[in-house]
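Colleague: Could you take one part of this model and go through it closely for me, starting from a single side chain and then placing it within the rest of the chain? I would like one connected account that I can follow with the structure open beside me.

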Amino acid sequence: MADWYQKNSEEALQELHSTKEGLTDAEVSRRQEQYGFNELKEKKKESVFQIFLGQFKDLMVIILIIAATISMLTGDVESTLVIFAVLVLNAVLGTVQHVKAEKSLEALKALSSPTAKVIRNGKRIEVESRQVVPGDILVAEAGDLIVADGRILENYSLQVNESSLTGESLNVDKCDDTLVGDMPLADRKNMVYSGSLVTYGRAVVLVTETGMQTEIGRIATLMNQTGEKKTPLQKNLDDFSKKLATGILIISAVIFVLGIARGMELLNSLLFAVALAVAAIPEALSSIVTIVQAMGTQKMAREHAVIKKLSAVESLGCVSVICSDKTGTLTQNKMTVQQIYAGGRVFGPEEFDMHQQTHRYLLYDSVLTNDATLSNGKGVGDPTEYALLEMYGKVKGLMQKEEDLTLSYEDLRTMLRRIEEVPFDSDRKLMSTKHRIHGVSTIFTKGAVDVLLDRCDSIRVSDEEIRPITAEDRKNITEQNRKFSENGLRVLAFAYRESEEELTPETEYHFTFLGLISEMDPPREESIQAVQHAKEAGIRTVMITGDHKITATAIAKQIGIFQEGDLAVTGMELDEMSDEELSGKIEKISVYARVSPENKIRIVDAWQKKGKIVSMTGDGVNDAPALKKADIGVAMGITGTEVSKDAASMILEDDNFATIIKAVANGRTIYTNIRNAVLYLLSGNLSAIITVLVTSLLALPIPFQPVQLLFINLVTDSLPALAIGMEPGSDDVLKKKPRDPKAGIMDRNFALRMIFQGGLISVAVIIAYHIGLGESPAMACSLAFLTLTCSRLLHGFNCRGEKSLVRLGFRKNPYSLGAFLLGLVLVILVSVTPVGRRLFSVSALNSKHIVTIGVLALIPTAIIQIVRIIRRK
């Protein structure tokens with residue numbers, strides 16, 4: 001891509017073989033063939049049907065399909081229908097989630113303006129934006145959306161909002177000068193870029209790039225190249241599922257061979273192996289994980305964090321780095337007056353002394369050389385100007401006794417109306433207005449400190465003293481300006497002159513200096529506490545912004561992100577670093593300023609290569625590729641563009657950094673609950689596997705029918721597992737370090753708990769089976785089935801956490817009690833009603849059978865709870 005900002009107007013026109021009269025129709029047609037249409041292109045997507053079929057590629061799913069097919073061949077229609085229903089439901093859920101995630105490019109396309117004003121054949125005409133080609137002469141006016149990248153040929157006070165591309169919230173003053181040396185996008189003042197908005201003035205622009213060659217096109221290319229990342233839980237579950245499926249296949253094959261060796265018929269032996277496979281596979285696992293995540297998203301939504309991708313919920317729990325945007329996320333996104341320098345001293349806005357004419361004139365100057373307005377408490381116009389109006393409003397409220405200060409800023413403007421004015425100009429960097437005060441024509445001026453100071457001949461020190469400005473005065477003012485700037489403050493200088501002379505740019509001289517007013521977008525109060533909470537939770541916060549390094553560093557220090565010994569780098573400095581150099585320094589860099597979209601992706605990638613789970617926040621189009629690249633992309637709900645929202649996993653409705661930390665706490669709780677639900681399902685399934693293996697090795701009849709195992713796995717198991725997912729988080733959830741994303745679900749402690757708990761339940765079930773076998777194989781099957789069902793319903797209480805029920809109680813999670821009671825009702829319906837008994841092959845029970853089931857089902861939970869109480873004591 002050519003460095004158009006380094007070329008002068010004639011060179012740019014010559015290189016593109018164009019003139020200020022524009023292209024001819026024939027030349028436009030030729031260039032459309034050469035460059036294509038001015039539009040963004042997407043990579044080819046899978047159809048919805050292809051996505052749906054892709055959901056069946058999982059090994060666990062294939063085993064269940066085989067089990068369903070065998071059940072169908074043996075005439076067990078109920079089992080077949082139930083298994084296929086579960087598989088289709090999971091595939092539909094997965095497809096819906098996938099389709100929702102693929103909208104980013106559509107939103108980027110929506111940023112294109114439908115029409116553009118161009119000069120062709122020497123005439124100004126309006127054309128479709130997709131028809132614009134390199135070499136076209138574009139006319140940009142206030143309110144227009146820029147449709148292509150271009151070099152400004154003629155500039156008439158053009159101001160452009162490029163926040164969606166650069167991250168800088170203030171309007172950018174443009175010029176038509178030739179720039180020298182390499183510079184970041186935000187500093188290329190003689191260029192305009194597709195997708196940005198003209199807020200003031202007008203310009204004639206030479207189109208240099210269109211379509212995918214524009215800056216926004218490069219972002220689209222980055223997004224096409226950036227694939228979706230699997231979350232740590234998805235990776236863990238995938239890995240766990242493969243190991244579990246492999247183990248199930250091996251055990252089932254052994255059982256099948258044992259059955260044949262014992263003289264069983266081929267089909268019966270196969271059915272027995274299938275029963276074991278169905279017992280071992282936690283069919284409801286994927287559905288329960290999805291539902292628990294969905295319930296977590298509802299809780300987060302109530303706390304202003306909208307989760308777009310369910311899988312992102314648990315990823316929040318292991319976030320170890322948050323790359324945060326500055327404006328509006330860590331700060332208030334509202335320019336506010338901080339400190340004033342007048343009469344040789346620095347003071348706050350609340351310290352204005354309205355008895356001093358210096359202070360009074362400074363206030364008048366801030367309101368009268370100002371085009372902004374306040375409407376319903378919101379500023380309209382330039383943010384730095386309406387910050388001055390808000391300052392005036394606060395001072396007015398403090399001085400009710402002063403007659404003229406009871407006036408609103410509108411009343412002041414009416415009373416001291418403008419007689420003449422010279423609007424702000426990006427070349428002059430000044431704005432001046434003339435008014436009559438006590439019958440004297442007075443010119444008020446505000447502007448850049450260096451420019452206005454050079455035009456001042458005198459200085460107002462106090463009401464009594466106006467004297468010629470000295471070299472010492474200039475040094476003091478310049479030094480104060482430097483101090484303000486080093487603290488990230490934006491500084492405006494104010495001056496005035498009493499004169500009857502006509503106000504023109506040529507007469508903006510010989511002023512009396514009044515003072516400096518400094519502004520900044522202050523940090524949110526809750527951001528400081530949130531960054532501290534993040535630090536306690538073992539999470540590193542890094543600031544990435546399009547703003548200047550000095551401003552960003554000053555804010556980062558106030559919030560607690562930038563510590564002694566930390567580094568701050570610009571995007572250009574980052575470009576000069578090798579990957580090895582960045583890897584060595586990345587843990588010391590706390591602030592990145594003036595960054596490009598590629599820089600952001602590189603920063604995220606460098607942290608990910610360190611094994612960190614990265615959350616990235618942003619609101620602009622330029623943030624979208626990095627939001628997609630990050631493990632958790634977080635977009636702003638208020639200031640965010642649709643492109644950033646579509647690329648993100650989570651949207652902050654209140655644009656508040658503190659909300660991310662709340663979401664991290666919820667994410668950690670959800671992961672813990674999912675892990676406990678997995679423990680519940682696997683320990684229960686293990687008890688069924690042990691029972692089937694024992695009866696098989698002892699050459700006894702099948703202890704469960706496949707449909708009974710499906711009832712346990714899909715109905716009675718799912719209710720307690722969902723209740724476990726509703727368990728509230730512990731108070732110390734943010735006191736712990738982030739979990740290791742590489743650590744699997746099944747660590748040593750998890751495996752020991754699963755084996756111990758599953759073993760206890762299987763012992764109770766085998767005892768019930770042997771008691772029933774004294775009557776008949778059908779009764780043995782019935783008692784084993786019902787004991788397993790009831791013991792697993794009670795086991796739901798054990799898996800709520802590692803503490804005993806004495807400490808957990810039932811009030812904290814009433815859903816667990818509700819799940820147990822509902823599950824018990826279903827078990828009673830299956831064992832008592834004729835339809836239930838027929839469908840699930842349950843024999844008629846007497847009171848002795850019911851007592852046996854109740855006692856044996858209660859024993860495993862009683863032992864687990866006693867062990868926990870003893871261990872605590």
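Modeller: The side chain of Asp-623 comes to 2.9 Å from the backbone nitrogen of Asp-619, and this is a predicted model, so that distance, like every other value here, is computed from predicted coordinates. Asp-623 sits in the loop that runs between strand β24 (614-618) and helix α23 (624-629). With a relative accessibility of 1%, Asp-623 counts as buried, because the limit for that class is under 20%. Leaving out residues up to four places away in sequence, Asp-623 touches Lys-600, Met-616 and Gly-618.

His-548 and Gly-488 are 60 residues apart in sequence, yet their C-alpha atoms are 8.6 Å apart in space.

In soluble globular proteins, nonpolar side chains tend to be buried together. In this model the largest nonpolar core has 125 residues, and those with the most contacts inside it are Ile-477, Leu-516 and Phe-704. Helix α25 (residues 657-697) supplies the largest share of this core, with 20 residues. A second, separate core has 53 residues, and Leu-206, Ile-586, Ala-624 and Ala-647 are among them.

Open space is the next thing to examine. The second largest pocket holds about 1,600 Å³ of space, and 48 residues line it. Of these lining residues, Leu-170, Asn-171, Asp-173, Phe-424 and Arg-490 lie nearest the centre of the pocket. By residue type, the lining of this pocket divides into 17 nonpolar, 14 polar and 17 charged residues.

Ser-157, which is found in strand β4 (residues 149-161), is not a glycine but has a positive phi of about 55°. His-304 likewise is not a glycine and has a positive phi, here of about 75°, and its place is in the loop between α11 (285-302) and β8 (305-307). With a relative accessible area of 38%, His-304 is partly exposed.

Finally, the whole chain gives these parts their setting. The protein chain has 33 helices and 26 strands, and along its principal axes the C-alpha trace spans about 120 × 70 × 50 Å. Of its 873 residues, 57% count as buried, and Asp-623, with which this account began, is one of the buried residues. Among contacts between residues at least 6 apart in sequence, 71% join residues at least 24 apart.

Technical notes. Residues are numbered from 1 along each chain as its sequence is written. This is a predicted model: local features need pLDDT of at least 70, side-chain atom pairs count only at pLDDT 80 or more; totals for chains, interfaces and linings use all residues. Side-chain values use heavy atoms; hydrogens and water are left out. On a 1 Å grid over the protein atoms alone, a cavity is a set of points where a 1.4 Å probe fits but cannot get out, and a pocket is an open set with protein on both sides within 12 Å along at least five of seven lines; lining residues have an atom within 4 Å of a point. Grid points are joined across faces, edges and corners, and a volume is the space filled by probe spheres set on the points. Ala, Val, Leu, Ile, Met, Phe, Trp, Tyr, Cys and Pro count as nonpolar, Asp, Glu, Lys and Arg as charged, and the others, Gly among them, as polar. A nonpolar core is a set of buried Ala, Val, Leu, Ile, Met, Phe, Trp, Tyr and Cys residues joined through side-chain atoms within 4.5 Å. Buried means under 20% relative accessible area, exposed over 50%, partly exposed in between (1.4 Å probe, protein chains only). Helices (H or I, at least four residues) and strands (E, at least two) are DSSP runs, numbered from the N terminus. Contact means heavy atoms within 4.5 Å. A polar contact is a pair of N or O atoms within 3.5 Å; within protein, one must be able to donate a hydrogen and the other to accept it, and residues adjacent in sequence count only if both atoms are side-chain atoms.
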